[in-house]
Each structure stands twice: as C-alpha cells, then as structure tokens.
Amino acid sequence: MILAVAYLLGVTSFSFAWVFNFMLMMAVSSIMQTFKPALSAEYFDVKVWENGGQVYRWFGVNIFRKLLVWVGWERLHKAVSPVKKDLEALQRMEYNTRQSEFGHLVIFFIVLGFTFFVLYQYGLEQSLWLIFLNVILNVYPILVQRYNRPRLQKAIQVWKRLSAASSNVKITQ
C-alpha cells in the first residue's frame with residue numbers, strides 16, 4: 001500500500017510524507033494494541049536529568065503540547081480514553097506513555113531510513129518534508145511522553161503512599 005501511495009503521490013511530496021507517517025502509525029498502533037508488549041526495558045526508565053523536565057521545555061515540548069490541544073488531539077484522545085482518578089488508571093496512562101513512545105520511535109527509524117533513501121536519490125531539498133514531518137510527528141511525541149512519564153510516576157507513588165497511609169489508619173482504628 002505504501003508503494004502505491006509513493007507511486008501516486010511521489011516520494012518527495014508533502015502528501016506522501018504525511019500519508020506515509022500516518023500509515024505507519026496505524027500499522028504500529030495495531031501491532032502494539034494486539035501484542036501489548038511489557039516495555040520494561042531500562043530505556044524507558046526515567047533518567048536523573050529528565051526528572052524536572054527542563055531539557056524538554058528547552059526543546060519546546062510545552063508549545064507542542066499546546067499545539068495538540070489547539071488542533072483537537074487532546075479532546076479526541078480524551079473522548080477515546082477518558083481520564084479516571086484511580087491507581088489503575090494512572091498506571092495505564094504511564095504504560096501508554098511507553099507504548100506511544102515506542103511506537104513513535106519505531107516509526108521515526110523507519111521514516112529516517114526512507115529519508116536517507118530519498119536524500120540519496122533526490123537530494124536534501126526533496127527530502128525536507130520527510131525530515132520536517134518526522135520531527136513533528138515522531139520526535140516531539142517522543143519528547144512529550146518522556147516529559148510526562150516522571151510526572152505520572154510521581155503521581156503513582158503519591159497515590160500508593162496515600163492508599164497505604166489510609167489503610168494503616170483504618171487498621172489502627
């Protein structure tokens with residue numbers, strides 16, 4: 001199907017770069033939802049330098065998050081997955097950051113490989129749409145997930161401490 005889109009739209013067009021990314025997103029998302037991998041590799045652990053999120057703010061992650069709200073992505077996402085206020089929901093959201101990050105990482109490398117092919121065949125100028133959309137549609141979503149994960153993990157820890165404290169209070173009464 002991707003080959004047909006490449007043939008019809010041309011590999012150097014904005015339309016191809018856009019459709020290519022979204023076709024890959026659909027494929028990777030389907031695979032992730034079907035197999036639900038554990039995603040427990042050390043790569044997903046929060047690094048010390050990530051905790052405050054300053055690095056991601058320097059890269060403009062908050063601007064990108066506002067852009068997602070502006071285009072309606074947040075509303076759509078919340079309609080599909082409403083936010084609940086319990087420990088299980090927080091843990092699911094934290095896992096979803098891993099799932100989303102992994103999916104965008106896979107797509108990033110696929111698009112990057114294809115970008116090198118277009119770069120070699122047609123030159124830098126003809127590969128700019130692929131580069132631009134790879135950054136916007138894959139790099140920034142990865143940064144958002146890396147930015148959100150420490151905050152969700154802290155919320156999970158607080159929830160667990162509060163649950164343990166309230167359990168201890170009930171037991172001693």
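Which residues form one aromatic cluster? Phe14, Trp18, Phe22, Trp129 and Phe132 do. The views below come from a predicted model.

**View 1. The largest pocket and its centre.** The largest pocket has a volume of about 1900 Å³. Its lining counts 46 residues. Closest to the centre are Trp73, Glu74, His77, Ser100 and Gln145. By class, the lining divides into 27 nonpolar, 12 polar and 7 charged residues.

**View 2. Helices around the largest pocket.** Two or more lining residues come from each of these elements: helix 2 (14–35), helix 4 (61–70), helix 5 (73–80), helix 6 (87–122) and helix 7 (124–172). Which helix gives the most to this lining? Helix 6 does, with 11 residues.

**View 3. The largest nonpolar core.** This core holds 20 residues. Phe16, Phe20, Ile107, Val111 and Leu130 have the most contacts inside it. Helix 1 (2–9), helix 2, helix 6 and helix 7 each supply at least two of its residues. Helix 2 brings the largest share, 8 residues. In soluble globular proteins, nonpolar side chains tend to be buried together.

**View 4. Surroundings of phenylalanine 16.** Phe16 is one of the residues with the most contacts inside the largest core. What does phenylalanine 16 contact, leaving aside its neighbours within four places in sequence? The partners are Ile2, Val5, Ala6, Leu9, Gly10, Val11, Phe114 and Leu130.

View 5. A search of the whole structure finds 12 aromatic pairs. One of them joins phenylalanine 20 and phenylalanine 114. The pair is tilted, at 5.1 Å centre to centre and 50° between the planes. Distant parts of the chain are linked here: phenylalanine 20 sits in helix 2, phenylalanine 114 in helix 6, 94 residues apart. Is phenylalanine 20 buried or exposed? Its relative accessibility is 3%, so phenylalanine 20 counts as buried. Phenylalanine 114 is partly exposed, because its relative accessible area is 21%, and the cut-off for buried is under 20%.

**View 6. An edge-to-face pair at tyrosine 43 and phenylalanine 44.** A pair of aromatic rings is described by the distance of the centres and the angle of the planes. For tyrosine 43 and phenylalanine 44, the ring centres are 5.0 Å apart and the planes stand at 80°. Why is the pair edge-to-face? The planes are at 80°, and an angle over 60 degrees counts as edge-to-face. Tyrosine 43 has 37% relative accessibility and therefore counts as partly exposed. Phenylalanine 44 has 4% and therefore counts as buried.

View 7. Most residues other than glycine have a negative phi. Lysine 36 has phi near 40°, a positive value in a residue other than glycine. Lysine 36 lies in the loop between helix 2 and helix 3 (54–58). At 48% relative accessibility, lysine 36 counts as partly exposed. Leucine 39 is not a glycine, yet its phi is positive, about 55°. Where is leucine 39 found? Leucine 39 is in the loop between helix 2 and helix 3. Its relative accessibility is 10%, so leucine 39 counts as buried.

**View 8. Valine 158 and leucine 87.** Valine 158 belongs to helix 7. At 39% relative accessibility, valine 158 counts as partly exposed. Along the chain, valine 158 and leucine 87 are 71 residues apart. Their C-alpha atoms are separated by 9.8 Å.

**View 9. Phenylalanine 117 and lysine 78.** Phenylalanine 117 is placed in helix 6. It counts as partly exposed, at 41% relative accessibility. From C-alpha to C-alpha, phenylalanine 117 and lysine 78 are 37 Å apart in space. In sequence they are 39 residues apart.

**View 10. Valine 83 in its loop.** Valine 83 has its place in the loop between helix 5 and helix 6. Why is valine 83 exposed? The relative accessible area of valine 83 is 52%, and exposed means over 50%. The C-alpha atoms of valine 83 and phenylalanine 20 are separated by 30 Å. Along the chain, these two residues are 63 residues apart.

Key
Residues numbered from 1 in each chain as written. Predicted model: local features only at pLDDT ≥ 70, side-chain atom pairs only at ≥ 80, totals over all residues. Heavy atoms only, no water. 1 Å grid on protein atoms, 1.4 Å probe; cavity = no way out; pocket = protein on both sides within 12 Å on 5 of 7 lines; lining within 4 Å. Points joined across faces, edges and corners; volume = space filled by probe spheres on them. Helix = DSSP H or I, 4+ residues; strand = E, 2+ residues; numbered from the N terminus. Nonpolar A, V, L, I, M, F, W, Y, C, P; charged D, E, K, R; others polar. Core = buried A, V, L, I, M, F, W, Y, C linked by side-chain atoms within 4.5 Å. Buried < 20%, exposed > 50% of the residue type's maximum accessible area, 1.4 Å probe, protein only. Contact = heavy atoms within 4.5 Å. Phe/Tyr/Trp six-rings, centres within 6.5 Å; stacked < 30°, edge-to-face > 60°.
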